[in-house]
Amino acid sequence: EDWAAARVNTALAPGDELYTGAPGNLEVQIGARAYVRAWANTQLGLANLDPDFLQLKVTAGTVSLDLRRLEPGDTVELDTPKAAFTIERAGYYRVTVTASRTSFITRRGGRATVTPASGTGAAIAPSEEVVVEGADGAQVATYVAPPRDEWDRWNYARTDQLIDSVSARYLSPGIYGIDDLDHYGSWRIIEPYGPVWVPDRVPAGWAPYSTGAWMWYPTFGWTWVDSAPWGWAPYHHGRWVFVSGFWAWAPGPILATPVYAPALVAFFGGRPSVSVGVVGPAVGWVALGWGEPLIPWWGPVGFIGVPWWAGWGGPRIVNNVVVTRTTVVTASGITVYRNIGVRDGVVVVPHDRFGRGPVTPVRIAKVDPSRLEPVRGALGFAPVRASLSPDVVRGTRPPEAALKRPVVTTRAPEDPARWLKPHGIAEPAPPAKPQLVPKPAKPDATVAAPRPEFGPSTLERPRPPRPPGFERQPPAAPRAATPAPTSERPARTTPEAKPRPTPPPGTESRPGVPAPPPRPVSPPQREVRASPPQATSQPTPRVESPVPPPRPVSPPQREVRTTPPQPGVAPRAATPAPRVDVRPLPGEPANRLFPGGRSEVTPRRDAQPSVGAPAPRGSDREDRSQPGEVRSSPRR
């Protein structure tokens with residue numbers, strides 16, 4: 001019945017509602033190159049989520065859809081209190097909902113169809129604004145799209161940065177959260193895994209799937225939600241490996257169509273008779289290693305408990321042995337998981353704390369892996385109300401007017417009660433009943449919305465200025481040489497006559513004979529100082545101008561101001577700095593694999609890297625400007 005604070009990397013299901021306070025904004029990724037963003041004081045709901053149909057509802061605020069790519073046949077629908085907007089083409093779209101009106105804007109070649117409450121659909125051309133007003137949404141008018149404001153420009157710039165990711169070269173297209181890997185880790189080349197990603201700034205004793213929560217999802221059952229800002233792609237794709245004392249994420253070979261998984265772990269315990277040195281039963285899990293199969297705990301009969309390699313293009317490994325794709329593997333025959341032997345690699349919590357908030361506070365420190373028994377089927381955990389959200393912190397509640405405001409829709413929303421009632425979870429107060437309208441026709445076959453007469457409207461955009469052109473500056477004219485001083489008196493010339501050029505030295509000017517043209521003057525030669533040749537039989541390579549090595553730049557010193565001790569007040573104990581590992585990473589830097597590879601900087605032992613500050617956008621993670629040894633890769 002109440003609202004919980006949202007958490008990054010949460011998988012959304014039909015029936016979920018999101019609200020942004022003020023100040024605040026929200027970003028939902030709905031495709032590899034498609035994003036939905038909400039401004040402050042905006043309520044956004046997910047009504048339907050089918051493979052080819054995404055239905056969103058907006059009852060208050062401003063929402064932008066930046067769809068850089070939309071697969072053929074896919075449809076996105078925005079339901080508002082005044083009208084429903086159907087989108088079947090890539091572009092940029094923005095909707096603003098207030099109590100009295102709804103406006104919808106198309107940009108960047110986007111086309112849509114508006115269906116008001118009256119049921120008469122109309123097409124929306126690119127760079128247009130549709131305004132729907134009136135008690136029943138009967139007043140529909142179109143205008144030229146207004147100029148982009150700060151919110152539009154921010155959406156454009158953010159999407160440009162998200163899709164222009166360095167990590168995209170190592171991952172399959174279609175994986176979400178790729179840009180986060182550029183700012184929070186480094187790519188390395190380690191055989192036989194190929195490109196692997198090593199996270200930065202993780203605490204000592206950290207292991208995958210140890211900082212987050214288990215959330216119950218209607219389609220996949222238990223789903224892992226990690227609290228790290230980069231915690232989407234490494235927990236739903238690929239495998240985790242432990243190399244040279246580092247945890248690294250190995251995505252495996254690039255696939256044309258990656259397959260999402262709720263979590264790539266192997267479960268242990270789960271039965272009341274299994275205990276791990278604690279009072280009562282416990283349940284544990286460990287990240288799957290290189291090529292190990294996933295044993296699903298969700299899905300229909302015949303799918304649960306069957307080893308699954310979907311979304312994995314690398315070798316298939318069972319009990320540390322490579323098997324062929326035609327080998328029949330059963331869950332009972334899998335007894336070895338490589339990451340169990342890694343210290344702190346297995347995460348164990350009490351049985352009654354699973355799926356009820358973050359696992360870090362309730363994690364059991366000492367675990368005996370020999371007493372763990374693999375789970376080869378469905379998990380014996382029933383979800384509770386706390387399992388529907390990854391966080392138990394109370395969030396901001398939207399205004400009641402926005403909660404009770406009905407919307408216009410072309411399809412009835414998904415009813416979450418059908419998967420909540422079987423688990424004994426009472427559904428909260430249902431939202432207002434939507435108003436169903438006929439499904440709109442194709443945008444090409446739909447008539448255009450009416451336009452007001454030119455002149456009396458106050459919403460029409462004024463005539464914009466001419467767009468700036470790209471003026472290339474002409475090259476500067478060569479500077480004329482200064483003539484040498486002479487003792488002869490210059491000849492007197494008339495304003496119409498041109499002065500006769502002075503003949504160069506060594507020539508004579510005869511009457512009636514034109515003087516020969518002057519010799520071209522060679523540019524001054526650069527002085528080159530060469531060292532004496534060395535006695536060697538190798539050919540002399542081409543010598544280029546040496547570049548002096550960069551001087552190490554000391555980090556700016558932070559000014560520390562101290563206050564004198566107050567009488568009768570005990571001094572505050574200093575907070576110890578977090579332990580940061582500065583060992584050199586294993587393997588070969590990934591940026592050395594292409595011609596013209598960039599240099600690598602190895603931090604010194606006594607250098608303390610900054611904690612919590614991500615690298616600037618567009619910079620290479622291996623080219624950090626910190627004092628250290630610079631090793632340049634050879635030219636290929």
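Modeller: The model is a predicted one. E133 has a relative accessibility of 29% and is therefore partly exposed.

Biologist: With which residue does E133 form a salt bridge?

Modeller: E133 lies in strand β12 (residues 128–133), and its partner lies in strand β9 (residues 101–107), 32 residues apart. The closest N and O atoms of the pair are 4.0 Å apart, and the partner is R101.

Biologist: Is R37, which forms a salt bridge with E27, buried or exposed?

Modeller: The closest N and O atoms of R37 and E27 are 2.8 Å apart. E27 is partly exposed, at 30% relative accessible area. Buried means under 20%, and R37, with a relative accessible area of 1%, is buried.

Biologist: Why is strand β19 described as largely enclosed by the rest of the structure?

Modeller: On one side of β19, F246, A248 and A250 are buried, and on the other W247 and W249 are buried. Strand β19 is largely enclosed because its buried residues number 5 of the 5.

Biologist: Which residue is the bridge partner of V243 in β19?

Modeller: Strands β18 and β19 run antiparallel and are joined by 5 bridges. Their hairpin has 2 residues between the strands, and S244 there takes a positive phi near 55°. The partner of V243 in β19 is F246.

Key. Residues numbered from 1 in each chain as written. Predicted model: local features only at pLDDT ≥ 70, side-chain atom pairs only at ≥ 80, totals over all residues. Heavy atoms only, no water. Buried < 20%, exposed > 50% of the residue type's maximum accessible area, 1.4 Å probe, protein only. Helix = DSSP H or I, 4+ residues; strand = E, 2+ residues; numbered from the N terminus. Pairing = 2+ DSSP bridges. Salt bridge = Lys/Arg side-chain N within 4 Å of Asp/Glu carboxyl O.
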